[in-house]
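Student: I would like to learn how the words used for a protein model are tied to cut-offs. Could we go through them together, with the structure in view?

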Amino acid sequence: MINLDSDIKYIKGVGEKRAELFNKLGISCVRELVHFYPRKYQDWSDKMMVKDCENGETACIKATLMTPVKEHMIRKGMTLFKCNFTDGETIIHVTIFNNKYLAKSLRQYDDYILYGKLEKTLTSANMSSPSIEKAEQNIGIHPIYPATEKLGSKAIAKVMKTALDELPPFEETLNTEFRLQYKLVSLDFAIRQIHFPENEDNLDKARYRLIFEELLTLQLGLLKLKGRKKAETKLTVKKDYTDEFFALLPFEPTNAQKNAIADCVSDMNGKYAMNRLIQGDVGSGKTAVAAGVLYTAIKNGFQGALMAPTEILAVQHMETMSKLLENTGITVDLLTGSTPAKEKREIKSRLINGETNLVIGTHALIQNDVEFKNLGIVITDEQHRFGVHQRANLAMKGSEVHTLVMSATPIPRTLALMIYGDLDISILDELPAGRQTIRTDVVDSRYHKRIYDFIKKAITRGEQAYIVCPLVEEGESDLKPATQYAEMLSETAFKGYNMGLLHGKMKAKDKENIMNSFSDGNVKILVSTTVIEVGVDVPNATVMVIENAERFGLSQLHQLRGRVGRGSSQSYCILVSDSKSETAQNRLAIMKNNSDGFKIADEDLKQRGPGDFFGNRQHGLPDLKIADMLADTEMLALCRQAADEILDKDYNLNLPENKALANAISDMFRNSVGN
């Protein structure tokens, strides 16, 4: 008798060799098997006649085999089998590819169920490689599992059936009162019906229960991981200096910026520590919001810290903040990994003595020896690039400090509420005045000469250009490595032009020198990897060329495009791709036709899934087995409510009825990295 912890090889019909095939699907034990859910289903319960089907429709037809199965060898390793069926009125010509076992099992004049795509002609119909089962079998709804070449869906279903038949009833994880409140079927019913549903209604109930429990577990885990209790703070801001800050600005802030700063100041004026996310599209002015919030906090006697994910971005924030806060008496220091040792010691001394009001830096800020006299506010930029613990580590440098996180990666609001479950959210949905829409074009590599000529004209007008490549070094033959591409261009199309090269493997000082040369206008063309994706601001750059554009995610392409269009001149983004993939073409078309980062984020999430969207390594978001972040948004909100109810009564999940949930959280988050 097997149990949930039994090795997969002990299920009847599996054994050592087939167990290895299951292992490749991430299934090593029976527990992992039963949570390996079908990706879709085929409903074989509704039998149809050919005459009632639409041409091209996927149909389920009961038919009799009228002719012997004939074998046709096309080439070595490829055999066709042809035969004719009839549903009593129409002849159905069936072709079977490379499935000798099925072909040999078919018996003339026996009845079968054919399931597949039906192509109709005037007098007959065709089905190519349909699924075929004997008619006398009790055929209802078929599960279709994610399969491999050597381990098909049918084989997985057979093993699943064997395992479920042997297993005792599944132990319930949610108490009866809770299940009644949220109209949830039992776990045993749900698991058995999700694999082999007796009807559509049972399948819907099973899906609902399993999705609910998965999202509930995720919500509980995230809320516990972040610490949902609001921390009372003594770091209350007594006076609002926002109007004084606005008077310093050389531009009129947008209403969205004004509202976001007001939200933050209101938070800092309250009983609890601020915990807010500022979410804005590329170019929406998050840095000015951060500066405004820091200004009021520092004027009230507190120190501030701003952490960025890269040195380039930290340096840029330093330059921007220094300009905005010039002649205000506020002292600003930059602390990164490449800051010389002597300077580091001096900065740390100034911080602990309270001489430095604001420190800007990278992960160097969360080192143990960095201490503050009176840290009041911590701001992290590009939040999705930091694990939750990294944010918490910086916040712990003070006592119940105010926390502001910023993200230029637009996230659908429902998902943002879940990911940043402990944060209030302000959205910057206006672009500053004078910003123009960036014209985006999709072309193939035949256009390179025209692209190079276009860049030369831009340079003649006194403008600059980026050329972005997906890799630094030679790796795949179809890609243009940045290093070699830059070398080739400098010897051919742009001979005599001042070009620069920027990639992640360069020393920090070299990166800084190149970026400074580009910012100053000395370097006219910057060939780069995605190291320029985040935050680099050169208003004079008007052309962005992205090579092998199909290799990037939509949100990444949008971030890259946001490096141009930062000045008053018309800017252009040219996506170069020779990919014939329909998916790639669709993605690039979305980029061409959309400038709204939130719409693009929706599409990116649909295509890549949340784990990949955020990057599991940075964020630690667990993979979901059955729930869908976009399709199940209403349930997500319901589960958030349920999670709050559970934690209000039993925050540590110590009650006997919550023990299974506590174990489920541990299992779900065991493999999540970065938290």
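**From cut-offs to conclusions**

Tutor: Of the contacts in the chain between residues at least 6 apart in sequence, 73% join residues at least 24 apart, where contact means heavy atoms within 4.5 Å. This is a predicted model, in which local features need pLDDT of at least 70 and side-chain atom pairs count only at pLDDT 80 or more, while totals for chains, interfaces and linings use all residues. Residues are numbered from 1 along each chain as its sequence is written, and side-chain values use heavy atoms, with hydrogens and water left out.

Student: What makes F178 and F212 an aromatic pair that is edge-to-face?

Tutor: Rings of Phe, Tyr and Trp (its six-membered ring) pair if their centres lie within 6.5 Å, and planes under 30 degrees apart count as stacked, over 60 as edge-to-face and the rest as tilted. The structure holds 13 aromatic pairs. For F178 and F212 the centres are 6.1 Å apart and the planes make 65°, so these rings count as a pair, and as an edge-to-face one. F178 belongs to helix 5 (residues 176-181) and F212 to helix 7 (residues 200-226), 34 residues apart, and the pair thus links distant parts of the chain.

Student: Why is F178 called buried?

Tutor: Buried means under 20% relative accessible area, exposed over 50%, and partly exposed in between (1.4 Å probe, protein chains only). F178 has 8% relative accessibility, so F178 counts as buried. F212, with a relative accessible area of 0%, is buried too. Ring pairs also link F178, Y182, Y208 and F212 into a cluster.

Student: Why does the pair of Y452 and F494 tie together parts that are apart in sequence?

Tutor: Y452 lies in helix 15, whereas F494 lies in the loop between helix 16 (482-491) and strand 19, so the pair ties together parts that are 42 residues apart in sequence. Their centres are 5.4 Å apart with 75° between the planes, which is again edge-to-face, and both Y452 and F494 are buried.

Student: How do you know that strand 3 and strand 4 pair?

Tutor: Helices (H or I, at least four residues) and strands (E, at least two) are DSSP runs, numbered from the N terminus, and two strands pair if DSSP finds at least two bridges between them. Strand 3 (residues 70-75) and strand 4 (residues 78-86) have 5 bridges, in the antiparallel sense, so they pair by that rule. H72 has L80 in strand 4 as its bridge partner. The two strands form a hairpin with 2 residues between them, and G77 in the turn has a positive phi of about 85°.

Student: What makes strand 3 hardly covered?

Tutor: Among the 6 residues of strand 3, the count of buried residues is 0. For the chain, 52% of its 675 residues count as buried.
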